[in-house]
Amino acid sequence: MPTPPRRRATTAEAATMASAVRLRIIRLTRLEPLTNARIAARLGRDPATTLHHVRRLVRHGFLEALPARRGTRGAKEIPYRATALSWSLEGAGLESGMPEAVLEAYLDEVTEVGIGALEQSRLVVRLAPAEAAALRAELHAVLDAYATRPDPPDGEAVAVYLSVYPGETNQTSGALAWEHEPHDD
């Protein structure tokens, strides 16, 4: 699915994304269209509650409804698929509650897959302001490059959570600190 060009998030779009539940729905439906019942089951939530979130996501362009189909019991069901809108918006992180929602969604997903499934790295380094800006730009460029690639049908689902934050300063040394938790394959 092609990623729309980057643009500033509207107030309504930013507010829509300021929910861990809605962020998880976007992620769940990114690689596989799901019905509201399946979304509710995957999240362990009431279908009426998830339907409220799904409708809001559809209304603001984060999900699209696919053609209705008949379910196993003959009932009409509508699968929903995430659009690439959430990745193309800038400024949504400034919305009140958005940073907390992103972290909460990440923690919920990590809890679901188990901490042992994570590949973790930490880096603390002292950089000049221009170097720090360059690091952030390079990290985002890598993520953008992968976000805009087409999904191969036999591809592996990979999720990335990136957090750049102020590191502790060491007054006696400008040394680079690197911690890496190896992942057993």
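Modeller: Start with L66. L66 counts as buried because its relative accessible area is 18%, and buried means under 20%, exposed over 50%, partly exposed in between, with a 1.4 Å probe and protein chains only.

Colleague: What should I know about the source?
Modeller: This is a predicted model, where local features need pLDDT of at least 70, side-chain atom pairs count only at pLDDT 80 or more, and totals for chains, interfaces and linings use all residues. Residues are numbered from 1 along each chain as its sequence is written, and side-chain values use heavy atoms, with hydrogens and water left out.

Colleague: Where is L66 found?
Modeller: In the loop between β3 (63-65) and β4 (69-70). Strands (E, at least two residues) and helices (H or I, at least four) are DSSP runs, numbered from the N terminus.

Colleague: And which residues does L66 touch?
Modeller: P33, I78, P79 and R81, leaving out residues up to four places away in sequence. Contact means heavy atoms within 4.5 Å.

Colleague: OK, the sheet. What is the strand order?
Modeller: β2-β6-β3, in an open sheet of three strands with antiparallel pairing. Two strands pair if DSSP finds at least two bridges between them. The edge strands are β2 (34-35) and β3, and each pairs on one side only.

Colleague: How many bridges between β3 and β6?
Modeller: Three, and β6 covers residues 79-82. E64 stands opposite R81 in β6.

Colleague: What packs on the sheet?
Modeller: α2 does, touching β2, β3 and β6. The direction of α2 makes about 100 degrees with that of β6. Axes are lines fitted to C-alpha atoms, for helices over the stretch in contact, and angles run from 0 to 180 degrees between N-to-C directions.

Colleague: Now the helices. How do α2 and α3 cross?
Modeller: The axes of α2 (residues 20-31) and α3 (residues 36-43) cross at roughly 115 degrees and come within 11 Å.

Colleague: Which residues meet there?
Modeller: From α2, V21, R24, I25, L28 and T29; from α3, I39, R42 and L43. The contact residues divide into five nonpolar, one polar and two charged. Ala, Val, Leu, Ile, Met, Phe, Trp, Tyr, Cys and Pro count as nonpolar, Asp, Glu, Lys and Arg as charged, and the others, Gly among them, as polar.

Colleague: Switching to T16. Buried or exposed?
Modeller: Buried, because its relative accessibility is 0%. T16 lies in helix α1 (residues 11-17).

Colleague: What does its side chain join to?
Modeller: The T16 side chain makes a polar contact of 3.1 Å with that of R56. That term means a pair of N or O atoms within 3.5 Å; within protein, one must be able to donate a hydrogen and the other to accept it, and residues adjacent in sequence count only if both atoms are side-chain atoms.
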